[in-house]
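Before reading on, take a moment to look over the chain as a whole, and then follow its parts one after another.

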Amino acid sequence: MKIIQTPVRFYPFIGGVEKYVYYISKELVNYEDCDVKVICANEPKGNQPHEIHNDITIQRIPYFGKVANTNITPFLPFTLLNEDFDIIHTHVPTPWSSDWSNIITRIKNKPLVVTYHNDIIGTGIANTIANFYNKTGLKLLLNKADKIIITQDDYIKSEHLQNYKDKIVTIPNGVDTQLFKPNDTPRTPHQIFFLSVLDRFHKYKGLDYLLEALLTVKKIIPDVKLVIGGKGELLEYYIKKTKEMNIQDNVEFLGFLSDEEVIQYFATSELFVLPSISSLQEGFGIVVLEALSCMTPIVSTSIVGVSDDVIRTNSGIIVEPKNVEQLSEAMIKILSDKELQLTMGKNGRELVQDKYEWKQIAQSIHDIYEELL
């Protein structure tokens, strides 16, 4: 099977969709009948346009600006048209790459798989554009799709998916438990880890609410330390906010982190927090799985894809979105109880090993490809 993946960006760019495509591709190339090629924008700029990484063939093409968070790659249609492939797997919420995947599969009469990570929304004029696209391009894309993958059952409630329930299947995100695992380094007392791109498109990750909650936590645990991984256009905004709140001594901005550094912070923090606030934008929350795999307790919100399992297994605390009081109470509870940290950490590791290994996820996707071909 010659499979083309068309995320708008790919490794080494860090993001939820990028991780998803990277890990399923990494597993699929281990199948004797699979050849995987990723075609994406060359961001960050400066990467090799043609590369093989972990047996994944990568072709990065130039882009000329962005609309919302989507790179515009004028050469994408010609690149796809000249490819010899059996199936294209594309991803929402990034128009352009998914739309051209739709058009080219129609022209070549090939199957199209769409992973619907989350709805396409915006603010102001961007929301007007998003609404127009949802009524036009998105409908054409979902009409053509031979199979639509959602990563959590709740996404079946999306108004845009109501007419396509007969071709929707739920396959969750996963984690590489051999890579994300605890180590022998002692945990840093009262350290909280947060990881995200720090730009306006990722404000839904809830960092503003986490900083508000930290103000309360500091009153009970004065030496609490929030370490923030990631960079973006809002970095200076968040730095300024911590100074205005007088919590700058309790917050450290780490900037871009390598994979190894991310794993180290997961493994050495006492708590990982992802206080996502938008069910329309938070597709799943892969970073939660990665933290659990490192035996790190988590605090997150009820809209994150793994929230029900976290509650069921007692591997963290789930709070309501935007509820600063619940968020601060949950953080204080876990940071103040070493035994609870150990119990939750053990439960979280067992959860991901039982249900969320990437090998299992890739097998389910491989089965879909076989069915369609």
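What percentage of the 373 residues in the chain do buried residues make up? In this predicted model, buried residues account for 57% of the 373.

**The whole chain**

The secondary structure of the chain comes to 13 helices and 16 strands. The radius of gyration is 20 Å, close to the 21 Å that the globule rule gives for 373 residues, so the chain is as compact as a globular protein of that length. Along its principal axes, the C-alpha trace spans about 60 × 45 × 40 Å. Of the contacts between residues at least 6 apart in sequence, 72% join residues that are at least 24 apart.

**A sheet and a helix upon it**

Six strands form an open sheet in the order β13-β12-β11-β14-β15-β16, and their pairing is parallel. At the edges stand β13 and β16, each with a single partner strand, so one side of each is left without a neighbour in the sheet. Neighbouring strands of this sheet are turned by 20 degrees against each other on average, direction ignored. Helix α6 packs on the sheet, where it touches β11, β12, β13 and β14, and its direction makes about 165 degrees with that of β12. Within the sheet, β11 and β14 pair in the parallel sense over two bridges, and the bridge partner of Phe193 in β14 is Phe272.

The table gives the residue ranges of some of these elements.

| Element | Residues |
|---|---|
| Strand β11 | residues 191–195 |
| Strand β14 | residues 271–274 |
| Strand β13 | residues 251–255 |
| Strand β16 | residues 316–319 |
| Helix α6 | residues 207–220 |

Helix α13, residues 358–372, has 15 residues and reaches 21 Å from its first C-alpha to its last, close to the 21 Å expected at 1.5 Å a residue. Its buried residues are Trp358, Ile361, Ala362, Ile365, His366, Ile368 and Tyr369. They cover an arc of only 155 degrees around the axis, which puts them on the same side of α13. An α-helix has 3.6 residues a turn, so residues three or four places apart point the same way. The face of α13 turned away from the buried side carries the exposed residues Lys359 and Glu371.

**A glycine in a loop**

Gly174 lies in the loop between β10 and β11. Is Gly174 buried or exposed? Gly174 is buried, with a relative accessible area of 0%. Leaving aside its neighbours within four places in sequence, Gly174 is in contact with Ile286, Leu289, Tyr356, Trp358 and Ile361. Although Gly174 and Tyr356 are 182 residues apart in sequence, they are 4.6 Å apart in space, C-alpha to C-alpha.

Technical notes:
Residues are numbered from 1 along each chain as its sequence is written. This is a predicted model: local features need pLDDT of at least 70, side-chain atom pairs count only at pLDDT 80 or more; totals for chains, interfaces and linings use all residues. Side-chain values use heavy atoms; hydrogens and water are left out. Helices (H or I, at least four residues) and strands (E, at least two) are DSSP runs, numbered from the N terminus. The expected span of a helix is 1.5 Å times one less than its number of residues. Buried means under 20% relative accessible area, exposed over 50%, partly exposed in between (1.4 Å probe, protein chains only). The arc is that of the directions from the helix axis to the C-beta atoms. Two strands pair if DSSP finds at least two bridges between them. Axes are lines fitted to C-alpha atoms, for helices over the stretch in contact, and angles run from 0 to 180 degrees between N-to-C directions. Contact means heavy atoms within 4.5 Å. The radius of gyration is taken over C-alpha atoms; the globule rule is 2.2 Å times the number of residues to the power 0.38.
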